[in-house]
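Trainee: I have a new model on my screen and would like to learn how to read it. Please take me through its features one at a time.

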Amino acid sequence: MHYFLRALREAVRSWPLLAAAMLCSAGVAALWGANIAALFPIIEVTLKGESLQSWNAARLDDAESRIEAAEAERQTLEAEVAAGTRTGEDLVWARHRIDTLRINLAVDRGVVASASRLGPWLDRLLPVDPFQTVLVVVGFVVASTFIKHGLLLVSTMLVSWVAMNISRNIRIKVFEKALSLDRAQFMRHGSAGFMAQVTATAEMLANGIMAVYGGLVTEPLKILACLGCALLVSWRLTLACLVLAPVVGFLMVWLNRRMRNISTGILSQSKGYHHVLLEALNNVLTVQAYTMEPFERQRFRDCTGDMLKLGMHYSFYRALANPITEVLGIGMVATSIAVGAWLVINQETRIFGITMTDQPMTVPGIMIFFGFLIGASDPVRKLSGVITGLNMGMVGAQGLYPLLDTESKLVEAAEPKRLPSPHREIRLENVSFSYDGIDTVLDGVNLTIAFGERVAIVGPNGGGKSTLINVICRFYDPTAGRILMDGVPLTDLALGDLRRRIAMVTQQTELFNESILYNIRYGRWDATDEEIEAAARKAHAHEFISEFPEGYRTMVGPNGFRLSGGQRQRIALARAFLRDAEILVLDEATSQIDVESERLIHEALAQYVQNRTVLMITHRASTLALADAIVEVEHGKVVKRPARQPQAA
Ligand code: ADP
């Protein structure tokens with residue numbers, strides 16, 4: 001609930017819209033009650049052939065004469081009690097009667113006041129002819145129904161806007177969080193986790209907010225409007241009709257708890273389902289090559305089957321909410337019919353010794369009372385849908401906010417230091433790193449890389465080469481020790497400033513499902529088409545790009561699947577060349593390029609790597625030839641040596 005309240009508080013920021021929506025809701029509720037109340041004059045007065053004006057005048061006269069009689073009786077009784085002529089049970093009865101008379105007097109004085117105020121209005125607004133009055137009332141009901149639906153539409157649109165805007169903001173925040181977390185934190189949720197959060201969970205939250213501001217105010221207001229009118233007719237009878245309310249309330253609480261548990265289950269299932277889906281689709285080639293389709297199909301069937309089971313559970317409880325709330329609605333109406341009918345038929349004011357009304361009820365009076373209770377039972381029924389939405393919102397908020405509260409381990413410096421470009425050196429001092437806190441991947445590394453140095457990083461698989469690059473580029477912070485650029489710890493530099501100095505090409509090239517032009521320009525958004533072509537020429541990509549009918553405008557497909565591995569790497573290289581950064585990181589960047597092209601690229605690289613620091617993870621002798629120094633990484637230990645050993649004398 002705590003998290004959901006946070007979402008609701010965020011919604012309150014759009015308070016002018018919500019206030020307008022609430023006003024509309026209040027208008028809807030008032031018109032809802034007024035429409036039912038408007039039937040009163042038809043049933044009570046006009047169908048008897050009377051005019052409302054004469055009915056009001058008669059009501060005034062009746063109330064005044066009742067006041068006169070009650071006042072006289074009260075005074076007599078009070079005098080008798082004061083004189084002590086009444087004793088024992090008689091005295092008790094007299095006191096009770098005096099109390100009743102006082103209440104009746106108050107009620108009748110209210111009637112006199114309202115009838116006197118109503119009189120001039122009735123004279124001014126309504127015709128004297130009963131049938132014409134019916135037409136006016138019917139006209140009012142039709143017009144107010146139009147207005148009510150207009151207000152409902154405005155209120156729904158306003159609340160939807162607020163809810164959708166919040167869910168959009170949350171989606172944006174989840175996306176930003178995914179981009180800002182360090183890689184280990186990101187992998188804990190995975191693409192599938194973030195996908196589920198951005199789609200299903202944010203949707204659930206929006207539904208919850210919509211339910212609260214859209215229905216949790218309107219429906220209870222409607223109930224209050226109707227019950228308020230019913231209370232005016234007979235408050236005791238109204239309370240008697242609500243005997244079932246505590247039972248229904250208890251059942252609803254139980255139901256809510258069940259639905260919340262199931263919603264939580266659905267949410268975690270949805271993450272699993274996204275996970276299976278994305279994994280199979282992203283690795284579809286492996287799935288097909290190893291004929292694992294039946295396995296993946298079964299896996300998908302299993303997880304969607306689990307979702308189906310939970311979904312059915314949810315539907316069952318959701319469907320159960322309807323009869324439960326309907327029991328309350330119909331219970332109210334049934335009790336009022338049974339009790340009211342008994343009172344009217346027997347012209348009684350008491351049932352089982354309990355006083356229900358001060359005066360025996362008339363048929364039209366009880367009909368209007370039924371009308372109010374029926375009017376209250378409809379919003380009671382709708383309230384079940386609102387409560388369902390509320391539960392969803394709570395579960396959604398519980399899933400989203402803890403993720404949004406996760407602090408990125410890559411803390412940005414409060415007051416980042418600035419460094420001149422280019423830097424002079426990068427120094428690692430006693431740097432250790434572990435992904436899981438158990439296995440040490442880098443162990444007390446001391447290393448200095450001067451600006452302009454070309455360093456080849458070599459060593460066995462799993463030795464820690466990529467990890468070394470990752471900590472230098474600050475995708476992770478070291479577990480111990482520090483990394484300095486010109487004597488300033490990387491943690492004191494703005495992350496953006498550091499990353500702008502780096503261009504990176506990895507073994508797994510990542511391309512966007514856009515044109516080749518877009519993909520190369522991704523490294524530098526302001527680059528001209530000529531600069532892009534020059535970068536492509538350096539990476540020996542221009543030749544194959546020109547052979548495509550659409551040249552640089554060729555779409556590469558998801559992750560560049562329309563291109564060969566070597567072509568993809570060349571585009572990634574062109575992107576890095578275009579960036580013109582002072583540090584170039586190549587992680588097996590030419591591993592898929594044919595020998596001849598690689599030789600040509602190396603020639604270009606030999607030109608390009610002048611005047612910048614280059615870190616190259618490689619096994620290839622040809623790449624090694626470009627290096628000034630070699631860093632050997634094995635079991636987390638690092639040794640640096642010059643690339644060309646001095647000739648022995
Ligand atoms: P290299 O690049 O030399 O092949 P890596 O730096 O990629 O080696 O990996 C070094 C060690 O760290 C390996 O044992 C690998 O299993 C482990 N490792 C790499 N990435 C992660 C990760 N994200 N989480 C946990 N362990 C990892």
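Predicted model: local features only at pLDDT ≥ 70, side-chain atom pairs only at ≥ 80, totals over all residues.

Trainee: How many bridges join β11 to β12, and do they run parallel or antiparallel?

Mentor: As a general idea, strands of a sheet pair through backbone hydrogen bonds, in either a parallel or an antiparallel way. To count as paired, two strands need at least two bridges found by DSSP. The elements are DSSP runs numbered from the N terminus: helices are H or I over at least four residues, strands are E over at least two. Here, β11 (residues 629-634) and β12 run antiparallel and are joined by six bridges. They form a hairpin with two residues between them, and His-635 in that turn has a positive phi of about 50°.

Trainee: In which order do the strands of the six-stranded sheet lie?

Mentor: Its order is β8-β9-β10-β5-β11-β12, in an open sheet with mixed pairing. At the edges are β8 (502-505) and β12 (637-642), each of which pairs on one side only. From one strand to the next, the twist averages 15°. For such angles, axes are lines fitted to C-alpha atoms (for helices, over the stretch in contact), and the values run from 0 to 180 degrees between N-to-C directions. Contact itself means heavy atoms within 4.5 Å. With that in hand, look at helix α19 (residues 565-579): it lies across β8 and β9 (583-587), and runs at about 170° to β8.

Trainee: What is the order of the four-stranded sheet?

Mentor: That open sheet reads β4-β3-β6-β7, with antiparallel pairing. Its edge strands, each pairing on one side only, are β4 (442-450) and β7 (488-489). Helix α14 (residues 465-472) packs on the sheet, touching β3, β4 and β6 (480-485), and its direction makes about 65° with that of β4.

Trainee: Which residues stand opposite each other here?

Mentor: Go strand by strand. β3 (residues 425-433) pairs with β4 over six bridges, and Glu-425 stands opposite Ala-450 in β4. Five bridges join β3 to β6, where Ile-426 faces Met-485. Between β6 and β7 there are two bridges, with Leu-484 opposite Pro-489 in β7. The hairpin of β6 and β7 has two residues between the strands, and its Asp-486 takes a positive phi near 50°.

Trainee: What is the volume of the second largest pocket?

Mentor: Rolling a probe the size of a water molecule over the atoms shows where empty space is left. On a 1 Å grid over the protein atoms alone, a cavity is a set of points where a 1.4 Å probe fits but cannot get out; a pocket is an open set with protein on both sides within 12 Å along at least five of seven lines, and lining residues have an atom within 4 Å of a point. Points are joined across faces, edges and corners, and a volume is the space filled by probe spheres set on them. The second largest pocket has about 2,000 Å³. Of its 46 lining residues, Phe-40, Trp-55, Arg-59, Val-111 and Val-233 are the closest to its centre. The largest share of the lining, 11 residues, comes from α5.

Trainee: How do the lining residues of that pocket divide into nonpolar, polar and charged?

Mentor: There are 29 nonpolar, eight polar and nine charged. (Ala, Val, Leu, Ile, Met, Phe, Trp, Tyr, Cys and Pro count as nonpolar, Asp, Glu, Lys and Arg as charged, and the others, Gly among them, as polar.)

Trainee: How many cavities of 30 Å³ or more does the structure hold?

Mentor: One. The largest cavity has a volume of about 80 Å³, and its lining includes Leu-586, His-602 and Arg-620. That lining divides into four nonpolar, five polar and two charged residues.

Trainee: And how is the chain divided into domains?

Mentor: Into domain 1 (2-51 + 126-404) and domain 2 (425-648), with bounds from an automatic or database domain assignment. Their centres, taken over C-alpha atoms, are separated by 56 Å.

How values were computed:
Residues numbered from 1 in each chain as written. Heavy atoms only, no water.
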